[in-house]
Amino acid sequence: MRQRPALKLLAALALAVAAAPAAAVGVRSWSPASAEAMRAGTVEGTSIDAAGTIRLAPPIDTVWGPETGVVWAVADASGTAAWVALSDPARVVRVGADGATEWYRGDADTWVTAVVADPRGGVYFGLSPSGRVMHAAVAGEPTVVAETGAQYVWSLALERPGTLWIATGTPGRVLRLDGKGVPDSLYEAGDDPVRSLAVAADGGVWAGTGREGRILRIPRQGPPFVRFDAGEDEIAALAVAADGAAYALGVRDSGGAARPAERPEAPGSTTVTVTASAPPSDGGEATRAT
């Protein structure tokens, strides 16, 4: 039996309507017109490697965040938690999967500007502008382990139990504390604050300064020496790889001049949002964590 033309038309319309939802969720591609257009965009839920390849980024969950104050430093706590150094007021907080525990609280005129884990379960931390280095074996019971004679304690590094390296500012120094007592000064930088430390693979430390942008190698035996004079004003962070190579994070002052006085001021209000999306496993909507 022959179909009427009207029936054929209705069947075609039905197929078009049924296909519309599938087309709406199809894959679409887009290419930026230039590298400048790409840099002007906002990356959400993805990461870009050195070759420019864009990949799905791992999901990021917010574990904890202070209601007030400024985070000055974060250190690993045996791989299961993190030590957080804060100001306004001064605090040391241990953050883990089970929540946050306050180990130290000072007043509003004090900052905790450096922190490093004690492998025995405690924590070392530096107070500014008093220049003291403290240790807490349990929450709420800190003791003074060193008076640096400087105003600011910018970084701490534990080479091994009992050997603590201390970076200070005003004046800039690298100190080594072997046990309790007066620390030994191994490097004097004057008005160039030492802002970062990292334990070297063969003993001693790497140090980065905060006004001249120098990277120094300070061995356990022998004199310190400048390994690299960077074009940046500040070496804000250092890390040492398993093969002994040192990596540095340099910061250049926006005005091209040396950084101002060291008094640590809280930065202005800034909101940072990190978004990651995972592809749906059941065909439904992707979930998003912010």
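What follows is a short chat about a predicted model of one chain.

Q: What kind of model is this, and how are residues numbered?
A: The model is predicted: local features need pLDDT of at least 70, side-chain atom pairs count only at pLDDT 80 or more, and totals for chains, interfaces and linings use all residues. Residues are numbered from 1 along each chain as its sequence is written, and side-chain values use heavy atoms, with hydrogens and water left out.

Q: How many helices and strands are in the chain?
A: The chain has 2 helices and 22 strands. Helices (H or I, at least four residues) and strands (E, at least two) are DSSP runs, numbered from the N terminus.

Q: What share of the residues is buried?
A: Of the 290 residues in the chain, 35% are buried. Buried means under 20% relative accessible area, exposed means over 50%, and partly exposed is in between (1.4 Å probe, protein chains only).

Q: And what does the accessible surface come to?
A: About 17300 Å², with 54% of that belonging to carbon and sulfur atoms. Accessible areas come from the Shrake-Rupley method with a 1.4 Å probe; for residues, only the protein chains shown count as cover.

Q: Which residues touch the most other members in the largest nonpolar core?
A: Trp83, Val92, Tyr104, Val112, Val115, Val123 and Phe125, out of 18 residues in that core. A nonpolar core is a set of buried Ala, Val, Leu, Ile, Met, Phe, Trp, Tyr and Cys residues joined through side-chain atoms within 4.5 Å.

Q: Which elements give two or more residues to this core?
A: Strand 3 (70-77), strand 4 (81-87), strand 6 (99-105), strand 7 (111-117), strand 8 (123-128) and strand 9 (132-136).

Q: What is Val92 in contact with?
A: Leaving aside neighbours within four places in sequence, the contacts of Val92 include Trp83, Tyr104, Val112, Val123 and Phe125. Contact means heavy atoms within 4.5 Å.

Q: What about a second core?
A: A separate one has 13 residues, including Val133, Val145, Ala146 and Leu164. In soluble globular proteins, nonpolar side chains tend to be buried together.

Q: What is the phi of Ser78?
A: Positive, about 65 degrees, although Ser78 is not a glycine. Ser78 belongs to the loop between strand 3 and strand 4. Most residues other than glycine have a negative phi, and most peptide bonds are trans.

Q: Is Ser78 buried or exposed?
A: Ser78 counts as exposed because its relative accessible area is 59%.

Q: What about Thr170?
A: Thr170 has a positive phi of about 55 degrees and is not a glycine. Its place is the loop between strand 12 (163-169) and strand 13 (172-178). Thr170 is partly exposed, at 35% relative accessibility.

Q: Where does His135 lie, and what does its side chain touch?
A: His135 lies in strand 9. It is buried, with a relative accessible area of 13%. Its side chain makes a polar contact with the side chain of Asp118 (2.8 Å). A polar contact is a pair of N or O atoms within 3.5 Å; within protein, one must be able to donate a hydrogen and the other to accept it, and residues adjacent in sequence count only if both atoms are side-chain atoms.

Q: What else does Asp118 pair with?
A: Asp118 meets Arg120 in a salt bridge (3.3 Å, N to O). That term means a side-chain nitrogen of Lys or Arg within 4 Å of a carboxyl oxygen of Asp or Glu. Asp118 is buried at 4% relative accessible area, whereas Arg120 is exposed at 63%.

Q: How many salt bridges are there by this rule?
A: The count comes to 10.

Q: Which parts of the chain does the Glu234 and Arg195 pair link?
A: Glu234 and Arg195 form a salt bridge (3.2 Å, N to O). The pair links distant parts of the chain: Glu234 is in strand 19 (residues 234-240) and Arg195 in strand 15 (residues 194-199), 39 residues apart. Glu234 is buried at 7% relative accessibility, and Arg195 is partly exposed at 24%.
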